[in-house]
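These are my notebook entries on a structure that I looked up. I record what I examined and in what order.

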Amino acid sequence: MSTYLDISQISIEFPTKTGPFKALDKVDLKIARGEFISLIGHSGCGKSTVLNIVAGLYEATEGAVILESKEVNAPGPDRAVVFQHHSLFPWLTVFENVEIAVKQVFKGKKSKAEMRQWVDYNLALVHMSHASHKLPAEISGGMKQRVGIARALAMEPKVLLMDEPFGALDALTRAHLQDALMEIQSELNNTVILITHDVDEAVLLSDRIVMMTNGPAAKVGEILNIDLPRPRDRLALADNPDYNHYRAAVLTFLHQKQAKKPASPPQLSSAEPLTEVKKAVGA
Amino acid sequence: MFKQNTLHYLSVAGFAWLVPLIKLASWENPREQAQEIVRLIGLPVIAILVFLAIWSTAASRIDTSLGTFPGPTAVVSAAQGLYQEHVVEREKAVAFYERQNKRNEEKLARNPDAEIKIRDYTGKPTYFDQIITSLITVFTGFLIASIIAVPIGITCGLSPLLNTAITPIIQILKPVSPLAWLPLVTMVVSAVYVSDDPLLSKSFINSAITVTLCCMWPTLINTAVGVANIDKDLINVGRVIQLGWFTRVTKIAIPAALPMIFTGLRISLGIGWMVLIAAEMLAQNPGLGKFVWDEFQNGSSESLARIMVAVITIGFVGFILDSFMHTLHKIIAHDEA
């Protein structure tokens, strides 16, 4: 397997009032071209931080992200991001939201007519052509997320980064979008990193699932190869023993090996003064 | 479809109370419309009637040195009087120009090379002229304020450091009364604005600048807050597609902050209108403020009623300006204001 994207020993520390907080500790991951990777872990474990570092939105304190043998440390359209909350510009139509990215990325490379065609092509890919003149406020949450995906795809990224893209959607819409994503993936064969906390989603979509340990100082816990034939069908897979085996493996990791400690009573280190404890327990 | 659009535009323009009337005219669910009419039109009308009754009884019990405090009827007749004066003054103006034209034509008939003079009519401004003057003044001041406040607000919103630096200055200058600014403005304008044939009168400039000084702050603060609180994801989108700094400001920061900017502008215009009346009183700019002051100095038995007319006019104009800004906001900005 040749490495296309190398996330090489990245660590990150955030400055806080009580000293630096180490969110990631030497996260290391090598991804091949066209691979679909899911990053899964409990909330707060830093999986979004990994994605933001790859996107160039955060800068790693240690380590580097190497894409096609070149180090990347600033954001760019070669690593397009689909954000959790669609993040469409509310004052632009669906078409214009994709167009603003296309115009910027293909400045001087495509003619105006070609750009319009390219926007239309990408909207068609996510089945949103019918709403291209609508404003984001006029379409549903699932449709907004489709447009967000179209905008990211339209940048022709080397790596597509998706930060819990379906997390805010209802189960049915989510299933539709997962199917749409698999369909697009079979056509374009992008390299994808998907952040998720949905085990089914991870098993259904991925070639490999990367399970992260709990933070602080989160690292790669286990990596699971998903050897299910494509195209995958969620109904057929429901009774597939391999599928269920993979599911069980991820669930075991999340709920046994990395089980979250109970949230209450509040965890307090001995360094904290007694008044804080009283406040925390509401006394 | 046509009706739907009309109804939508009426709501946008702040005439929501007309909607049930139009629906009733097309006999759409008449019972519900009747209830809506009672709610949207009936209740305010009752409130106004009660207010007029209280005003009327209270006024008749207040005796001032200029006679009884004017009740609603006295104010209506004063308003009619002001309208009559306006008509008479306009007739005089027309007559003046006719005489002047006739004289000039006769002059030219006698001698085609004669130098003719065209003079403007210099009668005193009528009540309606004064309203127009006030509107021009307030919009001049408001426009200058917006031109200054929006760019500074955007810069502050983009730079937390600059924002921290100038926030105390803004907070200190914001509550200053127009009456405190005006003497300073007057002295500076008379020192700086020296011209033999001034295009704009000093009193106009004084009033407009005072309006500017008092009404720029809400726009500035709201713009800064609006720009500073743009959704981080939207900014990140801009970074991912590598928009340049200028494009990021024009394509992301300004449109995203537009609802807040408009809220600021709306508050600013309201404050500007309030401040203007005080400024005109002291600066003797021929607008509504000067009208009130002159009537007060005049001290005739009509004066109080005429001042009440001005009070109601000021209220109405303020209300219309606010609705105008609100409508503009709904049309231009993308949020549901």
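Entry 1: one residue. I began with D6(A), which counts as partly exposed because it has 18 C-beta neighbours inside 10 Å. By the rule I used, a residue is buried if 20 or more other C-beta atoms lie within 10 Å of its own, exposed if 12 or fewer, and partly exposed in between, with C-beta atoms placed from the backbone.

I noted that this is a predicted model, in which local features need pLDDT of at least 70, side-chain atom pairs count only at pLDDT 80 or more, and totals for chains, interfaces and linings use all residues. Residues are numbered from 1 along each chain as its sequence is written, while chains are lettered from A and ligands numbered from 1 in the order in which they are written.

I then placed D6(A) in strand 1 (residues 5-16) of chain A. Strands (E, at least two residues) and helices (H or I, at least four) are DSSP runs, numbered from the N terminus. Leaving aside neighbours within four places in sequence, I found D6(A) in contact with K30(A) and I66(A). Contact requires that the C-beta atoms of two residues, placed from the backbone, lie within 7 Å. I also looked up L153(A): it is 147 residues from D6(A) in sequence and 21 Å from it in space, C-alpha to C-alpha.

Entry 2: chain A as a whole. I recorded nine helices and 10 strands in chain A. Of its 283 residues, 39% count as buried. The C-alpha atoms fill a box of roughly 65 × 45 × 45 Å along the principal axes. Among contacts between residues at least 6 apart in sequence, 70% join residues at least 24 apart.

Entry 3: where chain A meets chain B. Which chain gives 18 residues to the contact, and which gives 13? I found that chain A gives 18 and chain B gives 13. On the side of chain A, strand 6 (79-82) and helix 2 (94-105) are the elements that give two or more residues. Helix 2 of chain A supplies the largest share, four residues.

Entry 4: domains of chain B. An automatic or database domain assignment sets the bounds, and for chain B it gives domain 1 (2-61), domain 2 (69-110) and domain 3 (127-332). I read 37 Å between the centres of domain 1 and domain 2 of chain B, taken over C-alpha atoms. Their contact takes five residues from domain 1 and four residues from domain 2.
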